[in-house]
Amino acid sequence: MGVVVQDDRKAAKPVFILKPAEETDDSQKKPIPVLLDEIRTIYAADERPWVIGYSGGKDSTTAVQLVWYALAKLPVEQRQKPVYVIASDTLVETPVIVDYIDTTLAKINQAAERTGMPFKGEKVRPKLEDTFWFNMIGKGYPAPYRRFRWCTDRLKIQPANHFIEERVNVHGEVILVLGVRRSESTTRAQVMSLHRKPGEALSRHTVLRSAWVYTPIEHFSTDDIWSYLLAAPSPWGNNNRDLVTMYRNAQAGECPLVVDTTTPSCGGGRFGCWTCTVVERDKSMEAMIDSGQDWMEPLLDLRNWLAATQEPSRKHEFREVRRRDGKIRTWGEDSNKIIWGPYKLEIRKEILRRLLQAEQDVRRNGPDPSARLISEDELHAIRHLWRTYEGDWEDAVPQIYRELTNTDLDWIPEDMAGSTGLDSRILENVCGEHDVPSGVLRELVDLEHDLQGLSRRSSVYERIDRILAKDWRSAEEVFASIGWRAGDESDAVEEDSSDAA
């Protein structure tokens, strides 16, 4: 059990120190009654609200259960401080896990209201401009891989941290409870020790300086986790044996709530995003399909196709030679290797087609006939981006949507203004006759449409200069100028950055 002592340097928030009699090696496990007592002591010591990261997996479930059981023993007047249980919905989570998390959060809220517990389950989601499909299909961000994991910060870290910062703005500080364990990896054990003094129960968050981190199950082994879950019934009415079955079917570990870059990425054998291409194979989804979830095959097929676009020898098939800033960058001893730009627009159209087809297949064969793999808001945003900045005069998004779904959306009329497919064909013919890159004229025309109706055009010359300053050579011209050859590619030292898209 912990006791509260004051830090004389600040004389503000208490620091929790284990009693001398309990000071042991960091690997010592606390008996459950001692751990529950520690949780109660930390909770009741101040007014800082708690935020528990919940991923639907065994570790985070154990953390939430332990806190629930601990606080249930406090008098009602001592458990008024809110405990937020937040789950990160990346909008590309494995559907089975999404359903499980949604059901669990609803049960937590119902049980909390019924029993007077201070728990509130909530989901955090990325902003529209940060979603996976807006960045991949809209902007052309390539499928994530080990050198360019652009998705983690946008889909997980920022939404969770935004929620925490909102609580900080109200309460000054928060305590973040994470279901992470030292035994999961040596790296994680080192990170957990780095920001905490020996014997202290709380550590400073690595990024959010007004947040403290508490890891009640850090010394649990995997056997400890399962032993606890099978012995202690879910206080909100879940059946923990269903969790065992889900793990068995997926042969997986959980993907924890990510609040900073020190948390390792998911993938491999972990529950997480079905679009994850950071690892070579999604063993979790493969196992779920093998266990009878055949309706998920279209998701796995699309994920594997996206992964194939990152094969070094094939990047020229899918990616632009020009970065989004209009520059062409090379690397290598002879500067004859290309740092590839975003997906070509035609490839993005193909991704959208495959995604909508997968959505139709999942609706037809899966448990949810109204399942959505991409939201209407994302489709509208992608359409606007393509029409405004990608020279999509043909207005491809509604056409592709209609082709794959045999239905239509309520497309925003304002998006129809501007150039048309006929204009595009005329422009291509005229540019071909005069040997002028069609892209430069497309962007100049789009700029004129963008500035229509404005009384002041103070930035027009600067924007025109940026368009004219781009490298408008064709891919073939670039290949010839640097001596690039297909098949002579390697990503050994290539690094992507956000300007790839």
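This is a predicted model: local features need pLDDT of at least 70, side-chain atom pairs count only at pLDDT 80 or more; totals for chains, interfaces and linings use all residues.
An α-helix has 3.6 residues a turn, so residues three or four places apart point the same way.

## Strand S8 and its partners

Strand S8, residues 211–214, is covered on both faces, with Ala 211 and Val 213 buried on one side and Trp 212 and Tyr 214 buried on the other. Strand S6, residues 174–177, runs parallel to S8 and is joined to it by 4 bridges; within this pairing, Val 177 has Tyr 214 of S8 as its bridge partner.

Strand S7, residues 202–204, pairs with S8 in the antiparallel sense over 3 bridges, and the bridge partner of Arg 204 in S8 is Trp 212.

## The crossover from S4 to S5

Strand S4, residues 83–88, and strand S5, residues 119–124, run parallel and are joined by 6 bridges, and Tyr 84 finds its bridge partner in Lys 120 of S5. Between S4 and S5 the chain passes through helix H3, residues 95–115, in a β-α-β crossover that is right-handed.

## Three loop residues

Arg 146 lies in the loop between helix H4 (132–139) and helix H5 (150–171), and its relative accessibility of 54% means that Arg 146 counts as exposed, since the cut-off for that class is over 50%. Although Arg 146 and Val 279 are separated by 133 residues in sequence, their C-alpha atoms are 7.9 Å apart in space.

Most residues other than glycine have a negative phi. Asp 395, in the loop between H13 and helix H14 (396–405), has a positive phi near 55°, and Asn 406, in the loop between H14 and helix H15 (421–434), has a positive phi near 60°.

## The largest pocket

The largest pocket of the model has a volume of about 1,400 Å³. Its lining is made up of 46 residues, of which Arg 322, Glu 390, Gly 439, Glu 443 and Trp 472 are the closest to the pocket centre. By class, the lining of this pocket comprises 26 charged, 13 nonpolar and 7 polar residues.

Several helices contribute to this lining, and at least two residues come from each of H12 (345–365), H13 (376–389), H16 (438–451), H17 (460–468) and H18 (475–482). Helix H16 gives the most to the lining of the largest pocket, with 7 residues.

Conventions
Residues are numbered from 1 along each chain as its sequence is written. Side-chain values use heavy atoms; hydrogens and water are left out. On a 1 Å grid over the protein atoms alone, a cavity is a set of points where a 1.4 Å probe fits but cannot get out, and a pocket is an open set with protein on both sides within 12 Å along at least five of seven lines; lining residues have an atom within 4 Å of a point. Grid points are joined across faces, edges and corners, and a volume is the space filled by probe spheres set on the points. Ala, Val, Leu, Ile, Met, Phe, Trp, Tyr, Cys and Pro count as nonpolar, Asp, Glu, Lys and Arg as charged, and the others, Gly among them, as polar. Two strands pair if DSSP finds at least two bridges between them. A crossover is right-handed if, with the strands pointing away from the viewer, the path from the first strand over the helix to the second runs clockwise. Buried means under 20% relative accessible area, exposed over 50%, partly exposed in between (1.4 Å probe, protein chains only).
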